[in-house]
Structure formats: C-alpha cells, structure tokens
Amino acid sequence: MTPNHEASTSSVVSDEEIAAMVAGKDGLRVLLQPQVDLMTGRIVSAEALARWQHPRLGIVMPAEFIPAINRMGLDKLLFERVCLRVIDILLTMRRAGIAVPVAINAPASTLSDESAVDFLLDLIYAAELPASLVRVELTEDQPIRELDVLRASLMKLEDAGCEVSLDDFGTGHASLKLLSAIPLSEVKIDQYFVTRMRRSAVAFEVLRTAAELATRLGWRVVAEGVENVADIPALRAAGCRYGQGFALGRPMPLDALMVRLRTQRDGGEPLAAPANYASSWIEAFDGGAKETEPAFPARVITQ
C-alpha cells in the first residue's frame, strides 16, 4: 500500500462513524493505483485503496481510520467489503475486454482468519474469474502472532491461484523467518528507500540488495513511492522491474484507470522516462542497460 501525501480535511472522526462506514452505511470508496513495468511503461496491475467519502469532512485517508478499525476488530469486515468492490471492478474490466490483476490489502490478523480467505475465494468462484486476477497484499502494520496459521491461509490462496504480495518490504515486521515461511510472488520495497536513493548511496545500496535478494528468490520486485519519473533509470539499475507511485499514477476511480488501459491496449504511448541523472553509485550498477532496455517514448499519459 503506497503511502500517499494526500491530505484529508480533518482528523476528527468518531468510532461510531467509522463503524457505520465499515458496516456499509456511509461512504466507503475504493480507488485504484496502477503498478507499472519500468522497462516498458505499461500498466501491469493495480492496487485497491480504501477511502472514506465523509459527508461533512470530505475524503478521509486510511491513516485516520485504519488504526480505529484495527482497535475495534473490524479488519475482517472492511476486507470483505473491499473484496466485494474488487470483484465488481474485475467484472467491469472483463466486460470491457481489459484484464489486469488487482491487489487487496489485509493485515496478518485478517489473513490468518480462514473464513476471510474462504469469503474471498467464494467470491472469485461465484464470479467465474481467474484467481490469478486477485492479488492479496499482506500489510505490515501488525506483528504476526501465529505464523503457522498465517502460512496455512496464504498457502490456501496460492493453491487457488491467487498471488501473495508483501507490502513495505524493508521497514515493517518482516523477518527472514517470515520470508522463508510464507508463499510470496511479489515484494514491494518501501518508499523510504526509494525517496532517499537519489541523495544517499546507503539507501540505494540497501534498495539494490533487497531487490537482488527478492529476485533470487523468484519474487517480483516493486518500488513503492515513485514520485519522479527521473528515478526510473536508477530503479531499473537497482533491480526494480516494477514501480508504483504518484509519478506513475495517482489513486484513481475505475473509469480513469480504464481510460489508461484502453489507450495502452490500443497501442497508445506508455509513460515516459528521461535520461539518467548523474550519480556515481547508480552508474556503477547501470552497466550496459542503455543498449538492452526498451526505450520509453517521450510523452507522458496521465489521467
């Protein structure tokens, strides 16, 4: 879940209002943020992000209601509501002849609950969708208390055909024990390293080492918090094939994402990337990439 710098209109929301929103009475929205192949500029998937359209306060960001949801034990209910929205989104895209996987965020406590996993799988089967279109993203905002239980749930998802992604790799609760125990298809390197790599050789080296480890283990590597297209060559040099962030696409309604996907399908130009910027430590890892990597076109498409 890529942290956003959007500001909500207020941080004053009550537990009663939050509970009513999660229960379906008021205002839950699901936006989609694209994930982009940094070699080609093409959108390859999207992440479903919850927003609260408050009747008085406007858009309320997750940082202001997720802690309360965790405290009140409403994680599973929110997960189920987002799952319903994501299945509807995937069905709408299928009717339009467009198909990219969509990721659903969930903490360890939710994914350790077999009934939550069964709820999602039942929705997928009922909709007759390929399970590969649904990606479950394990957030690291909670410590993992029962690793064996979590592993069993994630194995059930993987066996059904869903992919499992690990959010905030490098800054959360993940340990080498966790990485070796759970099935993963993707790791998302936290934006902490992405935003600092331009001015810090240490941050770049940590990012590169994390990407190398993930690649060796067969996981897709995603850089979170990409806020400048000028960072794309450095991310590629570090081993990050995919990216997500404001420079690649802000969280958007389904209609806006579908405009970009249709343009992409119909041969439109993908996102642009400029030439490398000077950096001695980045150049050390860039090698002969200029000769082998596909060039990005010069125009940026935004929606």
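Guide: First, a term: a residue is buried under 20% relative accessible area, exposed over 50% and partly exposed in between, with a 1.4 Å probe and protein chains only. This is a predicted model, where local features need pLDDT of at least 70, side-chain atom pairs count only at pLDDT 80 or more, and totals for chains, interfaces and linings use all residues. Residues are numbered from 1 along each chain as its sequence is written, and side-chain values use heavy atoms, with hydrogens and water left out.

Visitor: Okay. How much of the protein chain counts as buried?

Guide: The chain has 303 residues, and 55% of them count as buried.

Visitor: And how many helices and strands are there?

Guide: There are 13 helices and nine strands. Both are DSSP runs numbered from the N terminus: helices are H or I with at least four residues, strands are E with at least two.

Visitor: What about the accessible surface of the chain?

Guide: The accessible surface is about 13,200 Å². Carbon and sulfur atoms own 53% of that. The areas come from the Shrake-Rupley method with a 1.4 Å probe; for residues, only the protein chains shown count as cover.

Visitor: Let's do charges. How many salt bridges does the structure hold?

Guide: It holds 17. A salt bridge needs a side-chain nitrogen of Lys or Arg within 4 Å of a carboxyl oxygen of Asp or Glu.

Visitor: Why would such side chains pair up at all?

Guide: Side chains of opposite charge can pair when their charged atoms come close.

Visitor: Give me one. What does Arg220 form a salt bridge with?

Guide: Its partner is Glu186, and the closest N and O atoms are 3.0 Å apart. Arg220 is in strand β8 (residues 220-224) and Glu186 is in strand β7 (residues 186-189). That links distant parts of the chain, 34 residues apart.

Visitor: Are those two buried or exposed?

Guide: Arg220 and Glu186 are both buried. They also belong to a network of salt bridges that includes Arg135 and Glu163.

Visitor: And Arg198, what does it pair with?

Guide: Arg198 forms a salt bridge with Asp231, with 2.9 Å between the closest N and O atoms. Arg198 lies in the loop between α8 (191-196) and α9, while Asp231 lies in the loop between β8 and α10 (232-238). So the pair ties together parts that are 33 residues apart in sequence. Arg198 is partly exposed at 36% relative accessible area, but Asp231 is buried at 8%.

Visitor: Where do Glu205 and Arg208 lie?

Guide: Both lie in helix α9, three residues apart, about one turn of the helix. Glu205 is partly exposed at 29%, whereas Arg208 is buried at 18%.

Visitor: Switch to rings. How many aromatic pairs are there?

Guide: A search of the whole structure finds two. Rings of Phe, Tyr and Trp (its six-membered ring) pair if their centres lie within 6.5 Å; planes under 30 degrees apart are stacked, over 60 edge-to-face, the rest tilted. Trp52 and Phe65 make an edge-to-face pair, 6.1 Å centre to centre, with 85° between the planes. Trp52 sits in strand β2 (residues 43-54) and Phe65 in helix α2 (residues 62-72), so the pair ties together parts 13 residues apart in sequence. Both Trp52 and Phe65 are buried.

Visitor: How far apart are the ring centres of Tyr192 and Phe193?

Guide: Their centres are 5.2 Å apart. Their planes meet at 85°, so this pair is edge-to-face. Tyr192 is partly exposed at 41%, and Phe193 is buried at 11%.

Visitor: What sits over the ring of Phe246?

Guide: The charged end of Arg250 does, 4.0 Å from the ring centre. The rule is NZ of Lys or CZ of Arg within 6 Å of the ring centre and within 35 degrees of the ring normal.

Visitor: Last one. Where is Ser153?

Guide: Ser153 is in helix α6 (residues 147-160). Ser153 is buried, at 5% relative accessible area.

Visitor: Which residues does Ser153 touch?

Guide: Leaving out residues up to four places away in sequence, Ser153 touches Leu111, Ser112, Asp113, Glu114 and Val117. Contact here means heavy atoms within 4.5 Å. The C-alpha atoms of Ser153 and Pro183 are 10.0 Å apart, and the two residues are 30 apart along the chain.
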